[in-house]
Amino acid sequence: MKKIEAYIKPFKLDEVKNALTEIGMVGMSIGEVRGFGRQRGHTEVYRGSEYRVDFLPKIRVELVVSDDEVDRAIEAILNAARTGQVGDGKIFVLPVEKAIRIRTGETDESAI
């Protein structure tokens, strides 16, 4: 099993969710986060004063999938989240040692 964490632009969330749902991914978690990478933030003007916004809003999408579904999930996220502009985001894939469904006690593949 693998955990996929994708950091995407907020306006791409619906497209990513729909793309994952279309390929049969049924569970995911999202969270609003702030961060920066090569994008480095930007400058804004508020009431005549200029200030720097270093941490930009992003959405973190997390899902746990079986090993044979990883490539399909990554491809769906890439196609849905890509704009071709700096700041499109990142995808990280991490190993998952164990999964347990609290309600039934099912473990590993049957728990996801």
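Colleague: Contact means heavy atoms within 4.5 Å. Which residues does V96 touch, not counting residues up to four places away in sequence?

Modeller: This is a predicted model, in which local features need pLDDT of at least 70, side-chain atom pairs count only at pLDDT 80 or more, and totals for chains, interfaces and linings use all residues. Residues are numbered from 1 along each chain as its sequence is written, and side-chain values use heavy atoms, with hydrogens and water left out. With those neighbours in sequence left aside, V96 touches M1, K2, K3 and V64. V96 lies in the segment after β6 (89-95); strands are DSSP runs of E of at least two residues, and helices are runs of H or I of at least four, numbered from the N terminus.

Colleague: At what angle do the axes of α1 and α2 cross?

Modeller: Axes are lines fitted to C-alpha atoms, for helices over the stretch in contact, and angles run from 0 to 180 degrees between N-to-C directions. The axes of α1 (residues 13-22) and α2 (residues 70-81) cross at roughly 150° and come within 8 Å. α1 is therefore roughly antiparallel to α2, a term for angles over 145 degrees.

Colleague: Which residues of α1 and α2 meet?

Modeller: From α1, E15, V16, A19 and L20 meet A73, A76, I77, A80 and A81 of α2.

Colleague: How far apart are V96 and A81 in sequence and in space?

Modeller: From C-alpha to C-alpha they are 24 Å apart in space, and V96 and A81 are 15 residues apart in sequence.

Colleague: Which residues does I4 touch, again not counting residues up to four places away in sequence?

Modeller: Among them are V61, L63, I77 and V93.

Terms used. Parallel < 35°, antiparallel > 145°, perpendicular 65-115°, else oblique.
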